Amino acid sequence: MTVDLLFLSQDDVVAAGGTDMAALIDVIEGAFRLKAAGQVINPMKVMITWSDEPGTQERLGRIMAMPAWVGGEWDVAGLKWIPSVPANLTRGLPRANALVVLSDRETGLPLAVMDGTVISAMRTGAVTGVAIRHLAAEGARTAGLLGAGVLTRTQLMALAVTRPGLDIARVYDPDTARCERLLAALAPELPFAVAVAGSEREACEDADIIIPSTLAVTPTIEPAWVPEGGLVVLVSSLDGPESLHAVTDVLVVDDRLHEGTADTRYLRRLIDAGIATAADAVEIAEIVSGAHPGRTSEGQRIVCSPVGLGLDDVVAGAYVLRNARQRGLGTSLRLRDEPLWL
Ligand SMILES: NC(=O)c1ccc[n+]([C@@H]2O[C@H](COP(=O)([O-])OP(=O)(O)OC[C@H]3O[C@@H](n4cnc5c(N)ncnc54)[C@H](O)[C@@H]3O)[C@@H](O)[C@H]2O)c1
(Lines give C-alpha, C1' and ligand atoms only; values in the text may rest on other atoms or scores of the structure.)
Protein backbone atom coordinates (compact mmCIF):
# COMPACT_ATOMS: atom_id res chain seq x y z
CA MET A 1 0.00 0.00 0.00
CA THR A 2 2.49 2.61 -1.12
CA VAL A 3 1.36 6.23 -1.02
CA ASP A 4 2.66 8.69 -3.60
CA LEU A 5 1.72 12.28 -4.18
CA LEU A 6 2.43 14.64 -7.04
CA PHE A 7 4.69 17.63 -6.50
CA LEU A 8 4.08 20.47 -8.97
CA SER A 9 6.67 23.22 -9.19
CA GLN A 10 5.82 26.69 -10.45
CA ASP A 11 6.89 25.59 -13.95
CA ASP A 12 4.65 22.53 -13.71
CA VAL A 13 1.70 24.67 -12.59
CA VAL A 14 2.19 27.00 -15.56
CA ALA A 15 2.57 24.05 -17.98
CA ALA A 16 -0.64 22.57 -16.54
CA GLY A 17 -2.69 25.63 -17.43
CA GLY A 18 -2.22 27.56 -14.21
CA THR A 19 -1.96 30.85 -16.11
CA ASP A 20 -4.87 30.17 -18.48
CA MET A 21 -7.13 32.98 -17.28
CA ALA A 22 -10.05 32.18 -19.61
CA ALA A 23 -10.16 28.58 -18.35
CA LEU A 24 -9.78 29.61 -14.71
CA ILE A 25 -12.64 32.11 -14.89
CA ASP A 26 -14.88 29.25 -16.04
CA VAL A 27 -13.52 26.92 -13.34
CA ILE A 28 -14.10 29.52 -10.60
CA GLU A 29 -17.56 30.34 -11.89
CA GLY A 30 -18.39 26.63 -11.83
CA ALA A 31 -17.16 26.43 -8.23
CA PHE A 32 -19.46 29.29 -7.23
CA ARG A 33 -22.37 27.42 -8.84
CA LEU A 34 -21.39 24.41 -6.72
CA LYS A 35 -21.33 26.70 -3.68
CA ALA A 36 -24.89 27.78 -4.49
CA ALA A 37 -25.88 24.11 -4.74
CA GLY A 38 -24.40 23.32 -1.30
CA GLN A 39 -21.49 21.40 -2.85
CA VAL A 40 -18.76 23.39 -1.15
CA ILE A 41 -17.54 23.37 2.44
CA ASN A 42 -15.46 26.45 3.15
CA PRO A 43 -14.53 26.90 6.83
CA MET A 44 -13.18 30.23 8.02
CA LYS A 45 -9.56 30.92 7.23
CA VAL A 46 -7.20 31.01 10.17
CA MET A 47 -4.51 33.63 10.36
CA ILE A 48 -1.28 34.36 12.17
CA THR A 49 -0.77 38.11 12.57
CA TRP A 50 1.95 39.94 14.44
CA SER A 51 -0.13 42.61 16.21
CA ASP A 52 -3.78 43.65 16.67
CA GLU A 53 -3.42 47.17 15.26
CA PRO A 54 -5.29 48.09 12.04
CA GLY A 55 -3.04 47.91 8.98
CA THR A 56 -0.74 45.36 10.63
CA GLN A 57 -1.17 42.82 7.85
CA GLU A 58 -0.31 45.35 5.18
CA ARG A 59 2.79 46.51 7.10
CA LEU A 60 4.11 43.44 8.87
CA GLY A 61 2.52 40.63 6.93
CA ARG A 62 0.49 37.59 7.96
CA ILE A 63 0.14 33.87 7.32
CA MET A 64 -3.21 32.41 6.33
CA ALA A 65 -4.43 28.81 6.11
CA MET A 66 -7.49 28.45 3.89
CA PRO A 67 -9.18 25.04 3.72
CA ALA A 68 -12.09 23.94 1.53
CA TRP A 69 -13.83 20.97 -0.02
CA VAL A 70 -15.27 21.41 -3.50
CA GLY A 71 -17.70 18.75 -4.69
CA GLY A 72 -19.35 18.16 -8.03
CA GLU A 73 -16.95 17.08 -10.77
CA TRP A 74 -13.96 17.83 -8.46
CA ASP A 75 -14.74 16.16 -5.12
CA VAL A 76 -11.42 17.25 -3.65
CA ALA A 77 -10.39 18.80 -0.35
CA GLY A 78 -7.43 21.05 0.17
CA LEU A 79 -5.70 23.94 1.78
CA LYS A 80 -3.82 27.03 0.71
CA TRP A 81 -1.01 28.00 3.08
CA ILE A 82 -0.08 31.57 2.24
CA PRO A 83 2.40 33.76 4.05
CA SER A 84 2.31 37.40 2.93
CA VAL A 85 5.37 39.55 3.63
CA PRO A 86 5.09 43.03 2.05
CA ALA A 87 8.76 43.79 2.79
CA ASN A 88 9.74 40.90 0.52
CA LEU A 89 9.65 43.21 -2.49
CA THR A 90 12.79 44.95 -1.20
CA ARG A 91 14.42 41.50 -1.01
CA GLY A 92 13.56 40.67 -4.61
CA LEU A 93 10.91 38.20 -3.44
CA PRO A 94 7.15 38.13 -4.09
CA ARG A 95 4.91 39.46 -1.31
CA ALA A 96 2.95 36.20 -1.19
CA ASN A 97 4.54 32.74 -1.32
CA ALA A 98 1.96 30.00 -1.20
CA LEU A 99 1.54 26.25 -1.29
CA VAL A 100 -1.64 24.36 -2.21
CA VAL A 101 -2.15 20.90 -0.73
CA LEU A 102 -4.89 18.61 -2.08
CA SER A 103 -6.27 15.42 -0.53
CA ASP A 104 -8.63 12.70 -1.68
CA ARG A 105 -11.95 13.17 0.09
CA GLU A 106 -12.78 9.49 0.41
CA THR A 107 -9.49 8.13 1.75
CA GLY A 108 -7.95 11.35 3.03
CA LEU A 109 -4.72 10.41 1.25
CA PRO A 110 -2.63 13.27 -0.12
CA LEU A 111 -2.95 13.88 -3.86
CA ALA A 112 -0.63 16.79 -4.51
CA VAL A 113 1.50 19.60 -3.15
CA MET A 114 2.00 22.46 -5.56
CA ASP A 115 3.25 25.98 -5.93
CA GLY A 116 0.35 28.14 -4.80
CA THR A 117 1.79 31.55 -5.58
CA VAL A 118 0.72 31.50 -9.21
CA ILE A 119 -2.55 29.76 -8.36
CA SER A 120 -3.42 32.34 -5.71
CA ALA A 121 -2.75 35.31 -7.97
CA MET A 122 -4.57 33.72 -10.91
CA ARG A 123 -7.64 32.67 -8.94
CA THR A 124 -7.95 36.19 -7.55
CA GLY A 125 -7.94 37.54 -11.08
CA ALA A 126 -10.44 34.86 -12.07
CA VAL A 127 -12.85 35.83 -9.25
CA THR A 128 -12.71 39.40 -10.55
CA GLY A 129 -13.29 37.98 -14.04
CA VAL A 130 -16.48 36.30 -12.85
CA ALA A 131 -17.58 39.57 -11.22
CA ILE A 132 -16.86 41.57 -14.36
CA ARG A 133 -18.60 39.04 -16.59
CA HIS A 134 -21.79 39.26 -14.53
CA LEU A 135 -21.70 42.76 -13.07
CA ALA A 136 -19.91 45.21 -15.38
CA ALA A 137 -22.11 47.38 -17.58
CA GLU A 138 -22.32 46.25 -21.22
CA GLY A 139 -21.05 49.64 -22.31
CA ALA A 140 -17.94 49.68 -20.07
CA ARG A 141 -15.08 51.37 -21.98
CA THR A 142 -12.48 52.26 -19.34
CA ALA A 143 -10.84 50.64 -16.34
CA GLY A 144 -8.87 52.22 -13.49
CA LEU A 145 -6.53 50.03 -11.47
CA LEU A 146 -4.52 50.84 -8.36
CA GLY A 147 -1.28 49.07 -7.52
CA ALA A 148 1.13 47.57 -10.02
CA GLY A 149 1.88 44.33 -8.24
CA VAL A 150 1.25 40.69 -8.99
CA LEU A 151 -2.46 41.06 -8.37
CA THR A 152 -2.93 43.91 -10.83
CA ARG A 153 -1.22 41.74 -13.44
CA THR A 154 -3.92 39.10 -13.02
CA GLN A 155 -6.70 41.72 -12.84
CA LEU A 156 -5.58 43.00 -16.25
CA MET A 157 -5.53 39.41 -17.54
CA ALA A 158 -9.12 38.99 -16.32
CA LEU A 159 -10.18 42.25 -17.97
CA ALA A 160 -8.59 41.06 -21.23
CA VAL A 161 -10.72 37.91 -21.16
CA THR A 162 -14.00 39.42 -20.03
CA ARG A 163 -13.89 42.93 -21.54
CA PRO A 164 -11.52 42.82 -24.54
CA GLY A 165 -13.42 45.74 -26.07
CA LEU A 166 -12.27 48.24 -23.43
CA ASP A 167 -10.61 51.36 -24.82
CA ILE A 168 -8.07 51.76 -22.05
CA ALA A 169 -6.95 50.65 -18.60
CA ARG A 170 -5.18 53.30 -16.53
CA VAL A 171 -2.95 52.11 -13.69
CA TYR A 172 -1.49 54.04 -10.76
CA ASP A 173 1.20 52.95 -8.33
CA PRO A 174 3.34 55.32 -6.25
CA ASP A 175 6.22 53.16 -7.46
CA THR A 176 6.09 54.56 -11.00
CA ALA A 177 9.00 52.45 -12.22
CA ARG A 178 7.19 49.26 -11.17
CA CYS A 179 4.04 50.45 -12.90
CA GLU A 180 5.94 51.19 -16.10
CA ARG A 181 7.64 47.78 -15.99
CA LEU A 182 4.33 45.96 -15.49
CA LEU A 183 2.54 47.76 -18.31
CA ALA A 184 5.50 47.43 -20.70
CA ALA A 185 5.53 43.68 -20.06
CA LEU A 186 1.77 43.21 -20.40
CA ALA A 187 0.85 45.69 -23.13
CA PRO A 188 1.71 43.38 -26.07
CA GLU A 189 -0.66 40.72 -24.69
CA LEU A 190 -3.60 43.01 -23.95
CA PRO A 191 -6.43 43.78 -26.38
CA PHE A 192 -6.83 47.35 -25.05
CA ALA A 193 -4.50 50.28 -24.46
CA VAL A 194 -2.83 50.78 -21.07
CA ALA A 195 -1.47 53.94 -19.52
CA VAL A 196 0.46 54.85 -16.40
CA ALA A 197 -1.62 57.31 -14.35
CA GLY A 198 -0.13 60.05 -12.19
CA SER A 199 -2.48 59.62 -9.23
CA GLU A 200 -5.30 57.49 -7.86
CA ARG A 201 -7.77 60.07 -9.18
CA GLU A 202 -6.26 60.08 -12.67
CA ALA A 203 -6.53 56.30 -12.80
CA CYS A 204 -10.01 55.88 -11.34
CA GLU A 205 -12.13 58.98 -11.88
CA ASP A 206 -15.03 58.09 -14.20
CA ALA A 207 -13.57 54.64 -14.91
CA ASP A 208 -16.34 52.13 -15.66
CA ILE A 209 -14.45 49.38 -13.84
CA ILE A 210 -12.30 50.29 -10.81
CA ILE A 211 -10.02 47.69 -9.24
CA PRO A 212 -7.64 48.47 -6.37
CA SER A 213 -5.02 45.80 -5.57
CA THR A 214 -2.77 47.79 -3.27
CA LEU A 215 -1.19 47.69 0.14
CA ALA A 216 -2.91 50.98 1.07
CA VAL A 217 -3.94 51.17 4.74
CA THR A 218 -6.34 54.10 4.26
CA PRO A 219 -9.03 54.56 1.57
CA THR A 220 -7.81 55.53 -1.89
CA ILE A 221 -11.08 55.65 -3.85
CA GLU A 222 -13.52 58.55 -3.61
CA PRO A 223 -17.22 57.72 -4.09
CA ALA A 224 -17.63 60.69 -6.46
CA TRP A 225 -15.19 59.05 -8.90
CA VAL A 226 -17.52 56.10 -9.56
CA PRO A 227 -19.59 56.93 -12.65
CA GLU A 228 -23.13 55.82 -13.39
CA GLY A 229 -22.96 52.14 -14.31
CA GLY A 230 -19.59 51.75 -12.58
CA LEU A 231 -18.31 48.54 -11.05
CA VAL A 232 -15.76 48.62 -8.22
CA VAL A 233 -14.00 45.37 -7.29
CA LEU A 234 -12.22 45.70 -3.96
CA VAL A 235 -9.43 43.16 -4.31
CA SER A 236 -7.67 45.02 -1.51
CA SER A 237 -10.24 46.11 0.99
CA LEU A 238 -8.98 49.22 2.72
CA ASP A 239 -9.08 51.18 -0.56
CA GLY A 240 -12.86 51.34 -0.27
CA PRO A 241 -14.15 53.98 2.19
CA GLU A 242 -17.40 53.21 4.01
CA SER A 243 -18.87 56.30 2.29
CA LEU A 244 -18.78 54.32 -0.97
CA HIS A 245 -21.87 52.50 0.24
CA ALA A 246 -23.99 55.66 -0.14
CA VAL A 247 -23.53 55.49 -3.93
CA THR A 248 -23.84 51.69 -4.17
CA ASP A 249 -26.96 50.14 -5.74
CA VAL A 250 -25.85 46.51 -5.35
CA LEU A 251 -23.27 45.23 -2.87
CA VAL A 252 -21.73 41.88 -3.81
CA VAL A 253 -19.37 39.64 -1.83
CA ASP A 254 -17.96 36.16 -2.36
CA ASP A 255 -19.18 35.00 1.06
CA ARG A 256 -21.25 37.03 3.51
CA LEU A 257 -19.85 35.29 6.58
CA HIS A 258 -16.19 35.41 5.51
CA GLU A 259 -16.30 38.98 4.16
CA GLY A 260 -18.51 40.14 7.03
CA THR A 261 -16.20 38.87 9.75
CA ALA A 262 -12.67 39.18 8.32
CA ASP A 263 -10.77 42.02 9.96
CA THR A 264 -10.62 45.22 7.88
CA ARG A 265 -12.73 43.82 5.02
CA TYR A 266 -15.23 46.21 3.46
CA LEU A 267 -18.46 44.45 4.51
CA ARG A 268 -17.13 44.00 8.04
CA ARG A 269 -16.40 47.74 8.21
CA LEU A 270 -19.88 48.60 6.88
CA ILE A 271 -21.41 46.35 9.53
CA ASP A 272 -19.21 47.81 12.28
CA ALA A 273 -20.20 51.34 11.20
CA GLY A 274 -23.90 50.41 11.27
CA ILE A 275 -24.24 51.27 7.58
CA ALA A 276 -25.16 47.80 6.32
CA THR A 277 -25.90 44.31 7.53
CA ALA A 278 -24.60 41.08 6.08
CA ALA A 279 -28.07 40.51 4.63
CA ASP A 280 -27.62 43.62 2.44
CA ALA A 281 -24.88 41.85 0.48
CA VAL A 282 -25.51 39.48 -2.42
CA GLU A 283 -23.15 36.54 -2.92
CA ILE A 284 -21.42 35.88 -6.25
CA ALA A 285 -22.76 32.32 -6.00
CA GLU A 286 -26.32 33.67 -5.97
CA ILE A 287 -25.65 35.70 -9.09
CA VAL A 288 -23.93 32.97 -11.17
CA SER A 289 -26.61 30.45 -10.19
CA GLY A 290 -29.40 32.81 -11.24
CA ALA A 291 -30.88 33.17 -7.75
CA HIS A 292 -30.18 36.92 -7.87
CA PRO A 293 -30.28 38.99 -11.08
CA GLY A 294 -27.10 40.97 -10.29
CA ARG A 295 -27.08 44.08 -12.46
CA THR A 296 -30.59 45.02 -13.58
CA SER A 297 -29.84 48.32 -15.32
CA GLU A 298 -26.89 49.92 -17.12
CA GLY A 299 -26.86 52.83 -14.67
CA GLN A 300 -26.45 50.92 -11.41
CA ARG A 301 -23.28 51.36 -9.40
CA ILE A 302 -22.08 48.02 -8.07
CA VAL A 303 -19.41 47.32 -5.48
CA CYS A 304 -18.01 43.80 -5.26
CA SER A 305 -15.76 42.90 -2.34
CA PRO A 306 -14.34 39.38 -2.57
CA VAL A 307 -12.30 38.49 0.51
CA GLY A 308 -10.88 35.43 -1.28
CA LEU A 309 -11.90 31.91 -0.28
CA GLY A 310 -10.17 28.57 0.09
CA LEU A 311 -12.62 27.20 -2.46
CA ASP A 312 -11.02 29.41 -5.13
CA ASP A 313 -7.59 27.93 -4.48
CA VAL A 314 -8.75 24.35 -4.08
CA VAL A 315 -10.72 24.29 -7.32
CA ALA A 316 -7.93 26.07 -9.23
CA GLY A 317 -5.46 23.55 -7.77
CA ALA A 318 -7.74 20.66 -8.74
CA TYR A 319 -7.94 22.01 -12.29
CA VAL A 320 -4.13 22.25 -12.47
CA LEU A 321 -3.73 18.75 -11.00
CA ARG A 322 -6.16 17.27 -13.52
CA ASN A 323 -4.22 18.83 -16.40
CA ALA A 324 -0.87 17.84 -14.91
CA ARG A 325 -1.95 14.20 -14.73
CA GLN A 326 -3.23 14.28 -18.31
CA ARG A 327 0.02 15.89 -19.52
CA GLY A 328 2.37 13.75 -17.43
CA LEU A 329 3.73 16.73 -15.51
CA GLY A 330 5.19 16.92 -12.02
CA THR A 331 7.34 14.78 -9.77
CA SER A 332 5.90 11.80 -7.98
CA LEU A 333 6.97 11.74 -4.34
CA ARG A 334 6.81 8.65 -2.15
CA LEU A 335 5.17 9.49 1.17
CA ARG A 336 5.57 5.96 2.51
CA ASP A 337 5.80 2.30 1.52
CA GLU A 338 3.79 0.99 4.45
CA PRO A 339 2.18 2.83 7.36
CA LEU A 340 4.51 2.78 10.36
CA TRP A 341 1.56 2.19 12.71
CA LEU A 342 -1.96 0.93 12.18
N1 LIG B 1 -9.22 39.60 -2.18
C2 LIG B 1 -8.39 38.62 -2.49
O3 LIG B 1 -8.80 37.49 -2.77
C4 LIG B 1 -6.92 38.88 -2.51
C5 LIG B 1 -6.06 37.84 -2.87
C6 LIG B 1 -4.71 38.09 -2.92
C7 LIG B 1 -4.22 39.36 -2.59
N8 LIG B 1 -5.08 40.34 -2.22
C9 LIG B 1 -4.59 41.67 -1.88
O10 LIG B 1 -4.16 42.35 -3.05
C11 LIG B 1 -3.21 43.36 -2.67
C12 LIG B 1 -2.09 43.43 -3.68
O13 LIG B 1 -1.37 42.21 -3.67
P14 LIG B 1 -0.03 42.09 -4.56
O15 LIG B 1 0.46 40.69 -4.42
O16 LIG B 1 -0.26 42.62 -5.93
O17 LIG B 1 0.94 43.05 -3.74
P18 LIG B 1 2.30 43.70 -4.21
O19 LIG B 1 3.03 44.01 -2.96
O20 LIG B 1 2.95 42.90 -5.28
O21 LIG B 1 1.85 45.10 -4.89
C22 LIG B 1 1.13 46.09 -4.20
C23 LIG B 1 1.39 47.43 -4.85
O24 LIG B 1 0.50 48.39 -4.28
C25 LIG B 1 1.17 49.62 -4.37
N26 LIG B 1 0.50 50.63 -3.58
C27 LIG B 1 0.63 50.91 -2.27
N28 LIG B 1 -0.18 51.98 -1.96
C29 LIG B 1 -0.80 52.37 -3.08
C30 LIG B 1 -1.75 53.39 -3.41
N31 LIG B 1 -2.21 54.23 -2.48
N32 LIG B 1 -2.19 53.48 -4.67
C33 LIG B 1 -1.75 52.65 -5.60
N34 LIG B 1 -0.85 51.65 -5.37
C35 LIG B 1 -0.39 51.51 -4.12
C36 LIG B 1 2.59 49.29 -3.92
O37 LIG B 1 3.51 50.29 -4.32
C38 LIG B 1 2.82 47.94 -4.63
O39 LIG B 1 3.48 48.12 -5.88
C40 LIG B 1 -2.79 43.04 -1.24
O41 LIG B 1 -3.41 43.95 -0.36
C42 LIG B 1 -3.34 41.65 -1.01
O43 LIG B 1 -3.66 41.41 0.33
C44 LIG B 1 -6.43 40.13 -2.19
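## Around isoleucine 284

Once its neighbours within four places in sequence are set aside, isoleucine 284 is in contact with Phe32, Val127, Val130, Val252, Val253, Asp254 and Cys304. The residue sits in helix H10, which covers residues 284–288. Please keep in mind as you read on that this is a predicted model.

Is isoleucine 284 buried or exposed? Its relative accessible area is 4%, and because buried means under 20%, isoleucine 284 counts as buried. For a sense of distance, take proline 164: isoleucine 284 is 120 residues from it in sequence, and the two C-alpha atoms are 22 Å apart in space.

## Two domains

The domain assignment divides the protein into domain 1 (3–120 + 310–336) and domain 2 (126–305). Taken over C-alpha atoms, the centres of domain 1 and domain 2 are separated by 23 Å. Where the two meet, 23 residues from domain 1 and 28 residues from domain 2 take part in the contact.

## Nonpolar cores

Which residues have the most contacts inside the largest nonpolar core? They are Trp74, Met114, Leu156 and Leu159, in a core of 77 residues. This core takes at least three residues from each of domain 1 (3–120 + 310–336) and domain 2 (126–305). There is also a second, separate core, with 21 residues, including Ala207, Ile221, Leu251 and Leu270. As a general background, nonpolar side chains in soluble globular proteins tend to be buried together.

Not counting residues up to four places away in sequence, leucine 159 touches Ile132, Ala143, Leu145, Pro164, Leu166, Phe192, Ile209 and Ile211.

## The ligand and its shell

How many residues are around the ligand? There are 25, and Leu151, Asp173, Arg178, Thr214 and Pro306 come nearest. Several polar pairs can be picked out as well. A polar side-chain atom of arginine 95 is 3.0 Å from an oxygen atom of the ligand, while a polar side-chain atom of glutamate 200 is 2.9 Å from a ligand nitrogen atom. Valine 307 takes part through its backbone, with an N or O atom 3.4 Å from an oxygen atom of the ligand.

On its own the ligand would expose 870 Å², and the protein buries 87% of that. Helix H4 (117–135) and helix H5 (150–162) are the elements that give two or more residues to the shell.

## Aspartate 313 in helix H11

Aspartate 313 has its place in helix H11, residues 310–327. With 0% relative accessibility, aspartate 313 is buried. Apart from residues up to four places away in sequence, aspartate 313 touches Met66, Lys80, Val100, Ile119, Ser120 and Arg123.

## Two loops with positive phi

Aspartate 75 belongs to the loop between strand E4 (62–70) and strand E5 (76–84). Its phi is near 45°, a positive value in a residue other than glycine. Aspartate 75 is partly exposed, at a relative accessible area of 29%.

Where is threonine 264 found? Threonine 264 is in the loop between helix H8 (256–261) and helix H9 (266–272). Threonine 264 is not a glycine, yet its phi is positive, at about 70°.

Note on methods:
Residues numbered from 1 in each chain as written. Predicted model: local features only at pLDDT ≥ 70, side-chain atom pairs only at ≥ 80, totals over all residues. Heavy atoms only, no water. Core = buried A, V, L, I, M, F, W, Y, C linked by side-chain atoms within 4.5 Å. Buried < 20%, exposed > 50% of the residue type's maximum accessible area, 1.4 Å probe, protein only. Domains from an automatic or database assignment. Contact = heavy atoms within 4.5 Å. Near = heavy atom within 4 Å. Polar contact = N/O pair within 3.5 Å; in protein donor to acceptor, adjacent residues only side chain to side chain. Areas by Shrake-Rupley, 256 points an atom, 1.4 Å probe, with all protein chains shown as cover. Helix = DSSP H or I, 4+ residues; strand = E, 2+ residues; numbered from the N terminus.
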